[in-house]
Amino acid sequence: MRYRETGEVHRDFHLSTNNMIHFTLERYGKDFLRELMRRTAQDVYKDIYMHLKAGDWSELLEHWKYFHEREGGKACYTYTETADALVFHVLDCPAARHLENKGVAVTDEFRLPDILMNEAWSEGTPFQITTEVLGPAEYRQTVTRRKAT
Amino acid sequence: MIPSDHFVRVYNEMFKMLEEKGHGELQAYWMSVARQQEGVLGPFIEKDGLKGMFDYWDRIRIEENCDAKLTVTDEYFEFLMLKCPSLSKAMDNDAGAFPYYCDHCAAWVKPVVEKFGYHNGYDIVSRTEPVCNSRIYRDKAKAEAYQAKAKLPAHPYD
């Protein structure tokens, strides 16, 4: 995994993410946020993206597991993996939980970066990655292989 | 979820995109960060002034895994960053660092402390080395004198 931080965690960065989302949507609209998340998914997380392009979701799965566990413990997610699909179900998102603990509303837009990053990770890869928002702190990400046409 | 650990790399991409739109757009974003941070740092300053700043940044030092030396005196609060985790991550990044990444720090700190009657002298030192020096004074002339001696003074809104 390209980035594997250890040590303490500064969870207030989730407040900064929330501010970034609202600033971009209010000032520039959704396409700006879409491009920001595309650059993040494909350029910052180049290693994950290159693995996906090669038909390998293992780096993405390791990334999701490591950072959800680091911030919310093993109980905050479950996942199932078969030959054709990976389903990563976040039961209690540490980011959303931190906002709530700080008295900040978790709006529908807060999940938008995940939706847009998963779209960007799907581009030009053999996979379709979808995001289902199931509640303020619950969502499910599903990676499936595209059917050959 | 964008991990807390990775926010600064997204922030770094945000800076690049805003600079492409025009430097004023980047400055407008820095001001929005300052407004957000006023709600986080502000209560510490209101409660304990310079000591409150020490308390706030000491928590940051721990949570962000900074190598830093913090000092508070009757005159100023000083932050000597010996290894900045934020610039280090922006540089350890497959997308590459925004050349003016360091400027965002003074860009949010200065407006917040000024709102509470303090003044920040900021020496970026280098935009490619993860070190910087900063002092916050009640006395504006002393902050300006501190910044006048800076190797690379921060002027984020000039």
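This is a predicted model: local features need pLDDT of at least 70, side-chain atom pairs count only at pLDDT 80 or more; totals for chains, interfaces and linings use all residues.

Trainee: How far apart are the end C-alpha atoms of helix α2 of chain A?
Mentor: They are 20 Å apart. Helix α2 (residues 30-44) of chain A has 15 residues, and at 1.5 Å a residue these should span 21 Å, so the two values agree.

Trainee: Which residues of α2(A) are buried?
Mentor: Among them are A:Phe32, A:Leu33, A:Leu36, A:Met37 and A:Val44.

Trainee: And what do the buried residues of α2(A) pack against?
Mentor: In chain A they pack against α1 (13-27), α3 (46-53) and α6 (112-122), and in chain B against α1 (7-21).

Trainee: Let us take α6(A). At what angle do α2(A) and α6(A) pack?
Mentor: The angle is about 55°, and the axes lie 8 Å apart. That angle makes α2(A) oblique to α6(A). The crossing of the two helices is right-handed.

Trainee: Which classes of residue make up the contact of α2(A) with α6(A)?
Mentor: The contact has nine nonpolar, two polar and four charged residues. Those from α2(A) include A:Leu33, A:Met37 and A:Gln42, while α6(A) contributes A:Leu116, A:Glu119 and A:Trp121, among others.

Trainee: Changing topic, where is A:Arg111 found?
Mentor: A:Arg111 is in the loop between α5 (94-101) and α6 of chain A.

Trainee: Does A:Arg111 count as buried or exposed, and why?
Mentor: A:Arg111 counts as buried because its relative accessibility is 4%, and the cut-off for buried is under 20%.

Trainee: What is A:Arg111 in contact with, leaving aside neighbours within four places in sequence?
Mentor: Its contacts are A:Cys93, A:Ala96, A:Val133, A:Pro136 and A:Tyr139, together with B:Met1 from chain B.

How values were computed
Residues are numbered from 1 along each chain as its sequence is written. Chains are lettered from A and ligands numbered from 1 in the order in which they are written. Side-chain values use heavy atoms; hydrogens and water are left out. Helices (H or I, at least four residues) and strands (E, at least two) are DSSP runs, numbered from the N terminus. The expected span of a helix is 1.5 Å times one less than its number of residues. Buried means under 20% relative accessible area, exposed over 50%, partly exposed in between (1.4 Å probe, protein chains only). Contact means heavy atoms within 4.5 Å. Axes are lines fitted to C-alpha atoms, for helices over the stretch in contact, and angles run from 0 to 180 degrees between N-to-C directions. Angles under 35 degrees count as roughly parallel, over 145 as roughly antiparallel, 65 to 115 as roughly perpendicular and the rest as oblique. A crossing is left-handed if the near helix is turned anticlockwise from the far one by less than a right angle, and right-handed if clockwise. Ala, Val, Leu, Ile, Met, Phe, Trp, Tyr, Cys and Pro count as nonpolar, Asp, Glu, Lys and Arg as charged, and the others, Gly among them, as polar.
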